[in-house]
Amino acid sequence: MTRRELWTPNRRDLLRMLGVGGAAVGASSLLAACGLGTGGGDTATDNGAAEVTGGFDWRKAEGTEISVLQTPHPYQVAFQPLLAEFTELTGITVRADLVAEADYFTRLNTELASGAGNYDAFMTGAYFIWTYGPPGWMEDLKPWLENSSATNADYDFEDIYEGLRRSTSWDFKVGSPLGTGGQWAIPWGFETNVLCYNKAEFDRRGIRPAETFDDLIQLATDLTDRANNKYGIAFRGSRSWATIHPGFMTQFTREGCQDYTLQGGQLAATMNSPEAVDFTRKWVELARSAGPTSWTNYEYPDCTGDLGAGTAMMVYDADSATYPQNIAGNSAQAGNLAWHPGPAGADGSYATNLWTWSLAMNSASQKKLAAWLFIQWATGKDAQTKAVQTGQAGFADPTRASVFDGAFQQTLGGFPGYQETFEKVIGSTDIKFTPQTQFFETTEEWAVALQDIYAGQDAKTRLDALAAANTTAVNRAS
Amino acid sequence: MTTAAPPRAPESARPRAPRPVPAWRRGLRPYLLSIPAVLIIVGILYPFVLGAYYAFLNYAAVVRRPSFVGLANFAEILSDPTFWASVRVTLFYAVAATVIETVLGVGIALLLNRSSLIGRVFERVLILPLMIAPVIAGVIWGLMFNPQFGVLNHVLGLGSTFDWLGEDTAIWSVILVDVWIFTPFVAILVLAGIRSLPKEPFEASAVDGASWFYMFRRLMLPMMWPYILVAVIFRFMDSLKIFDHVYVLTAGGPGDATRTLQIGAYQNSIIQLQYSQGSTYMFLLWVIVFLTARYLVSVLGKAQRRAAGSED
């Protein structure tokens, strides 16, 4: 009988077998665990609104402690001192965790994907609903709004600007417009993307803001004086989806362009239409001739910082981002700034894209009533009015018409053109993007295309390639 | 005659014969001793196996129930020009940064290999960049690169029109930051190697009238070579996986000019929430790093044997 026929394992063989067996068991259990680990969205619980019955009472969840994930922002800063009042009103304690904006959505993604429900409520932007909603990570707040046992009769949801309410609602079906389906977040603060300019410099030169896009290009170019470190206009240009949504998307829409159209039940990218190519070419030329030298790295703090320092003569970005630069002590140009709606489209359109910081509820929360009471309070008239009156960096812009027309207008004495600009654009302000679940991927690719055109690539060729790639991406089976 | 019997030691004071350890316990001991190592290996392998597993799914934020898709992610990514652009950027970055850091690091080590007060002070100052987190270094250099108010354009008289992070310049600027952070690492490693070299061959050569250059080329360099290679391996592996300061400075732009594989993986996984696509990027990067490491380690082994005189 040979050794091969009668195998007697030695210690080394046994160790090897143990190792292999352990690895196999470990790997199989790992992979099984992985299967569970990928299904964070499946942990979403049913909507909790139906469980709330009886009359409305702020103290229905008394004694509860909720966790809220937030990012440091003037809105959050304005509300932090008011949390004690919320606790006094409801008996609910709020533990607010702050994560810097640069890392905020990374943290939020991880938290929501885990399905752990560590945070009951969180700050979010409207575009994120298109990603967080389909896997079931967010609680639909419409049943909560419609439940009189859970929502105060004085809440007055319709007081929130219509464009904002529509922008935070969608049914997640390809081709459906915003405003359909659930209400996934309640707008808390928002911004319109308009022009802010150095009025002192404009007055000194005896000039006024441009009313058409071609005039804006000419004006910004004329104001550019590289030798003296001054340039005409700042707007975002970094490799990020956030480059597209403020000034670019606003003017893109005003010039009659669209990002996608619905064709045969599928979305087709149209950012390569003749008018879009023409607009994009002009926009990039504006960046080249009158924008910041390092445009491809510019984010909103760079833009508003240059405006405040007197380096940039205009900024085409969020009104709420330029607002703090005009508060005494915040910048060298404080008191010198003014606002303008920006160029109208050929048809007189002041269509304006918005960003809203909203409050949403984690569907995996175990304290949904307390979370809803917090969201309801923070987006209510009283708390928002107090935030406007006491916020250290202001509260631009409140999402409620009554608060804007009341408390907020009283703060606008030293902000020439702010109110007029707001009133001119608010009726046509909402999200101008077509809602779709691949928003971040496709919109970042759009920003990359702008950078490539800025670097010298042909606009038509590059936008054709972008449109083809984005059409595939947005219709990708999910 | 009788002799008294020696007094017996009390029972408790008598040395006790060791109790025989049962055979099953003796046999179990090696397995118990190996448990910590097994746990560590599982701990290390867990994220890797998980990441590799994700590369074969269609796992993304918008996919409720991920399913097995075989090699579809690999096929998609390997046919994507953006991926290959990232491979080119990553390899260029790693080669350029490693070469520059090695040349500068060896030069600095040779200059510091003299015991002087200035040398000792410089040695300590040299490691300061290594103490700064690369993310912080990215923020600092980002401010210095700013054309409007950055110190570099001002000091170099470039006005406000030179863009350090433009399409053609960004890759060199991020390499410059890498060189600033990691050249001291190479210098210190090589310096330690130089100081451990035997003095006798150099003294004998000096007696024979050999020139400094001859001694450097024929003696010092061959003996230093293993230390240089260790530094090269560390830096090259690290550069292939570069992310932090590059992301802070450019986020991979302009266009795809500085989009390394790590940044591609981050953008897929964290920004776009396409977890499987990001995992596939990471898996392919691992393959590149693994193959390169294997090759460089074999080169190091040869160099060590040559330096020891066991191989021609």
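How are helix 18 of chain A and helix 19 of chain A oriented to each other, roughly parallel or roughly antiparallel? Let's start there.

Two notes first. This is a predicted model, where local features need pLDDT of at least 70, side-chain atom pairs count only at pLDDT 80 or more, and totals for chains, interfaces and linings use all residues. Residues are numbered from 1 along each chain as its sequence is written, while chains are lettered from A and ligands numbered from 1 in the order in which they are written.

Now the helix pair. Helix 18 of chain A covers residues 439-454, and helix 19 of chain A covers 459-474. Helices here are DSSP runs of H or I, at least four residues, numbered from the N terminus. The two axes come within 10 Å and cross at roughly 170 degrees. Axes are lines fitted to C-alpha atoms over the stretch in contact, with angles from 0 to 180 degrees between N-to-C directions. Angles under 35 degrees count as roughly parallel, over 145 as roughly antiparallel, 65 to 115 as roughly perpendicular, and the rest as oblique. The two helices are therefore roughly antiparallel.

Who meets whom? On helix 18, the contact residues include A:Trp446 and A:Ile453; on helix 19, they include A:Leu463 and A:Leu466. Contact means C-beta atoms, placed from the backbone, within 7 Å. The residues of this contact divide into 9 nonpolar, 2 polar and 4 charged. Ala, Val, Leu, Ile, Met, Phe, Trp, Tyr, Cys and Pro count as nonpolar; Asp, Glu, Lys and Arg as charged; the others, Gly among them, as polar.

Next, domains. Chain A is divided into domain 1 (53-191 + 355-419) and domain 2 (192-353 + 432-474). The bounds come from an automatic or database domain assignment. Taken over C-alpha atoms, the domain centres are 28 Å apart. Domain 1 puts 20 residues into the contact, and domain 2 puts in 24. On the domain 1 side, helix 5 (residues 126-132) of chain A has the largest share, 3 residues. That side has 13 nonpolar, 5 polar and 2 charged residues.

On to the chains. Here 39 residues of chain B contact 42 residues of chain A. On the chain B side, helix 1 (23-54) and helix 11 (261-271) of chain B are the elements giving two or more residues. Helix 1 of chain B gives the most, with 9. By class, the chain B side has 21 nonpolar, 13 polar and 5 charged residues.

Last stop: B:Val190. Leaving out residues up to four places away in sequence, B:Val190 touches B:Gly105, B:Val106, B:Ala109, B:Met224, B:Tyr227, B:Ile228 and B:Ala231.

How values were computed:
Contact = placed C-beta atoms within 7 Å.
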